[in-house]
Amino acid sequence: MGLKILFSPSESKNAIRSNERIQKDGFIFPKLFDLRLKILNEYNDFLKTASDEKLCKLFGFKNLRQSDTLRDDIFAKGCIKAVLRYDGVAYKHLDYRSLEENSKKYIDENVLIFSNLFGPISASDPIPEYKLKQGEKIGKLNIEKFYNENFSRAVDSFLQNDDILDLRAGFYEKFYDIKREYITFKFLKNGKILSHHAKAYRGKILKEISKNKINDKNGLARVNFENLRLIDIKKIGLKTEFAFEINEQNG
């Protein structure tokens, strides 16, 4: 028994390069790599053939001057750990580089990130810099539906012996539907649900969980998260929702 944590990617990516390239053995669920490759080839072909206007839509840009490398062949780009590649608010507050080695190992082994391009990947899977706006299609290809249909059984098996903490933003539920009991966190301030601060607190929470090596749902209730006060636990179907009040001064 352990604790598996489902996490979102981020729009922002670190531009760090390396000599490592995309390869089958670099990803969780290697038996499904050919399916992942189908999406990557579609993406790569789109980069080479699409108009500037269509690429701007795919990337969520106003113009392509924002990056001169995003048309580059994705298979020729250097890869680093996904948890280091993603550079958004949650990842800045996780601050993976600052963690002790055993906390990094905990994240590498227990966090599953739902990438807009690569689908469900381990935090330690090496990926290149890329851009794909949340919810955008590659041509007519619905990526989240593709991964849901083709990877859900593998994710089920990965999660089957562990408790589950779902820290994903709502959109990423489209990539995978949890079929067992699981836990989510809700953040409130002055009684109102907050979404703006949720990314930051998801990162902070993952950091504390990794430091404390939490191995089951009971351990979650015992962690003292900074600036958060547990005010309610509610069960709704398969979901157990932990509600936290954000400290007035620091929220």
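Helix 2 (residues 52-59) buries L55, C56, L58 and F59; buried means under 20% relative accessible area, exposed over 50% and partly exposed in between (1.4 Å probe, protein chains only). These four cover an arc of only 160° around the axis, which puts them on the same side of helix 2. The arc is that of the directions from the helix axis to the C-beta atoms. An α-helix has 3.6 residues a turn, so residues three or four places apart point the same way. E53, K54 and K57 lie on the other side of helix 2 and are exposed. Helix 1 (33-49) is included in what covers the buried residues of helix 2, where contact means heavy atoms within 4.5 Å. G60 follows helix 2, and its phi is positive, near 80°.

The model is predicted: local features need pLDDT of at least 70, side-chain atom pairs count only at pLDDT 80 or more, and totals for chains, interfaces and linings use all residues. Residues are numbered from 1 along each chain as its sequence is written, and side-chain values use heavy atoms, with hydrogens and water left out. Helices (H or I, at least four residues) and strands (E, at least two) are DSSP runs, numbered from the N terminus.

Next, strand 6 and its neighbours. Strand 6 (residues 163-166) is covered on both faces. D163 and L165 are buried on one side, I164 and D166 on the other. Strand 6 pairs with strand 1 (residues 3-7) in the parallel sense, over four bridges; pairing requires that DSSP finds at least two bridges between two strands. In this pairing, L3 stands opposite D163. Strand 7 (residues 182-189) also runs parallel to strand 6, joined by two bridges. There, I183 is the bridge partner of L165.

The structure holds 14 salt bridges. Each is a side-chain nitrogen of Lys or Arg within 4 Å of a carboxyl oxygen of Asp or Glu. Among them are these:

| Pair | Closest N and O atoms |
|---|---|
| D162 and K4 | 3.2 Å |
| K131 and E11 | 3.7 Å |
| K92 and D87 | 3.4 Å |

D162 sits in the loop between helix 6 (143-159) and strand 6, K4 in strand 1, 158 residues apart. Both are buried. K131, in the loop between strand 5 (126-127) and helix 6, is 120 residues from E11, in the loop between strand 1 and helix 1. K131 counts as buried at 14% relative accessibility. E11 is partly exposed, at 31%. K92 counts as exposed, at 53%, and D87 as partly exposed, at 24%. A network of salt bridges links K186, K239 and E241.
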